[in-house]
Amino acid sequence: MIKNCLICGISLSILAGCSSFDSLLAKKDALFGTPHMTKTAVPQMTDYDMDWDAFFEREVAESDGGEEVASAEEDSETAANEEEPSRPDEGEEAAEPEAIPVVANPGAINVMVNKFWSLPEGHRPGDLIKPNVPFSFGDENSDRSKLRAEAAESLEVMFQVAKGEGIELYARSGFRSYESQAAIFENEVAAFGYERAVLYVALPGTSEHQTGLAMDITAKSVGLELVEEFESTAEGKWLADNAHHYGFILRYPKGKTNITGYAFEPWHFRYVGVDIAGEIYAKGLTFEEYMGDVREF
């Protein structure tokens with residue numbers, strides 16, 4: 001009995017000296033979680049207002065596809081750079097076609113006008129006259145019926161001599177103004193395209209017709225047209241063999257397109273004077289070769 005009392009008393013003393021279970025479960029400051037001046041042993045969760053689910057989702061995304069995202073961004077930047085057209089520097093603006101040099105002697109009988117040499121703007125000879133020869137368009141008094149005086153007089157003599165030998169020639173196209181040449185060139189481009197047009201028609205300002213020294217000549221044997229078949233006619237052959245006696249040359253001969261820049265034109269005759277025409281004929285030259293200014297195409 002005494003032993004039992006002692007045991008109970010001891011038990012009560014022990015219980016009295018211990019905290020209740022509720023007090024044991026009560027929140028206490030963690031002894032090992034107090035802040036440290038340089039580090040924290042355990043993170044103080046109550047000090048952070050963070051969505052940890054979002055945090056871990058972002059970590060997973062970056063670890064799994066971070067490189068792909070970065071690569072996609074780089075690709076989009078590269079594509080943007082590739083798609084943006086390159087812009088020339090200020091000194092590299094789109095260049096306009098180079099201007100054709102203007103001849104210094106537009107009034108000379110031996111002036112050379114071609115794809116590399118042009119006439120002054122608005123050039124019009126002051127001595128244009130209508131030669132007394134037959135024309136394919138009748139007795140029309142227009143620019144196309146005119147030549148410079150010296151050339152017109154020589155054309156008259158040549159036509160007269162030809163007629164005396166049974167060759168009937170017709171003048172078809174003489175002087176052309178800049179504006180007329182521009183209209184002809186535009187029509188040729190519209191009908192046949194640019195590449196063909198530049199083989200047969202000069203750009204405005206570069207036509208020999210504007211010098212007043214060139215005449216297109218035809219015959220009834222080709223319907224008064226300007227065609228390559230003229231070469232094989234009696235009239236075409238006579239002109240090729242005799243025009244130089246009167247100061248005219250076949251300006252665009254066959255097989256010389258790489259020098260003259262124009263296709264063969266058996267109808268186009270240019271006045272250069274008897275001496276020059278004789279030398280060109282005798283040596284089989286083009287006007288460019290005679291003048292020593294050959295730039296092959």
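**Ground rules**

I am working with a predicted model, where local features need pLDDT of at least 70, side-chain atom pairs count only at pLDDT 80 or more, and totals for chains, interfaces and linings use all residues. I number residues from 1 along each chain as its sequence is written, and side-chain values use heavy atoms, with hydrogens and water left out.

**Entry 1: the sheet**

I started with the strands. I take helices (H or I, at least four residues) and strands (E, at least two) as DSSP runs, numbered from the N terminus. Two strands pair if DSSP finds at least two bridges between them.

In what order do the four strands of the open sheet run? I read off 3-4-6-5, with antiparallel pairing. Strand 3 and strand 5 are the edge strands, since each pairs on one side only.

**Entry 2: strand 4 and its neighbours**

Next I went along strand 4. Strand 3 and strand 4 pair in the antiparallel sense over three bridges, and A171 stands opposite I217 in strand 4. Strand 4 also pairs with strand 6 (residues 268-271), antiparallel and over three bridges. There I found A214 opposite R270 in strand 6, and M215 with F269 as its bridge partner.

Is strand 4 mostly covered or mostly open? It is mostly covered, with five of its five residues buried. By "buried" I mean under 20% relative accessible area; exposed is over 50%, and partly exposed is in between (1.4 Å probe, protein chains only).

In a regular strand the side chains alternate between the two faces of the sheet. I checked this here: A214, D216 and T218 point one way from strand 4, while M215 and I217 point the other way.

A polar atom of its side chain lies 2.6 Å from the backbone oxygen of E225.

**Entry 3: salt bridges**

Side chains of opposite charge can pair when their charged atoms come close. I count a salt bridge when a side-chain nitrogen of Lys or Arg is within 4 Å of a carboxyl oxygen of Asp or Glu. How many does a search of the whole structure find? It finds 13.

E225 turned up again, in a salt bridge with R172 (3.9 Å, N to O). R172 lies in strand 3 (residues 170-173) and E225 in the loop between strand 4 (214-218) and helix 7 (234-242), so this pair ties together parts 53 residues apart in sequence. Both ends are partly exposed: R172 at 26% and E225 at 39%.

I then looked at K256 and E289, whose side chains meet in a salt bridge at 3.7 Å, N to O. K256 sits in the loop between strand 5 (248-250) and helix 8 (257-260), and E289 is in helix 10 (residues 287-291), 33 residues apart.

K130 and D139 also form a salt bridge (2.9 Å, N to O). D139 is exposed at 71%, but K130 is partly exposed at 26%. I also noted a network of salt bridges that links E208, R251, R270 and E288.

**Entry 4: rings**

I counted rings of Phe, Tyr and Trp (its six-membered ring) as a pair if their centres lie within 6.5 Å; planes under 30 degrees apart are stacked, over 60 edge-to-face, and the rest tilted. The structure holds five aromatic pairs.

F135 and F137 form a tilted pair, 5.2 Å centre to centre with 35° between the planes. F135 is buried at 7%, and F137 also counts as buried at 19%. The rings of F248 and Y271 are edge-to-face, because their planes stand at 65°, with the centres 5.3 Å apart. This pair joins strand 5, which holds F248, to strand 6, which holds Y271, 23 residues apart. Both F248 and Y271 are buried.

Last, I looked for charges over rings (NZ of Lys or CZ of Arg within 6 Å of the ring centre and within 35 degrees of the ring normal). R144 lies over the face of F137, 3.8 Å from the ring centre. R196 has its charged end over the ring of F192, 4.7 Å from the centre.

Key. A polar contact is a pair of N or O atoms within 3.5 Å; within protein, one must be able to donate a hydrogen and the other to accept it, and residues adjacent in sequence count only if both atoms are side-chain atoms.
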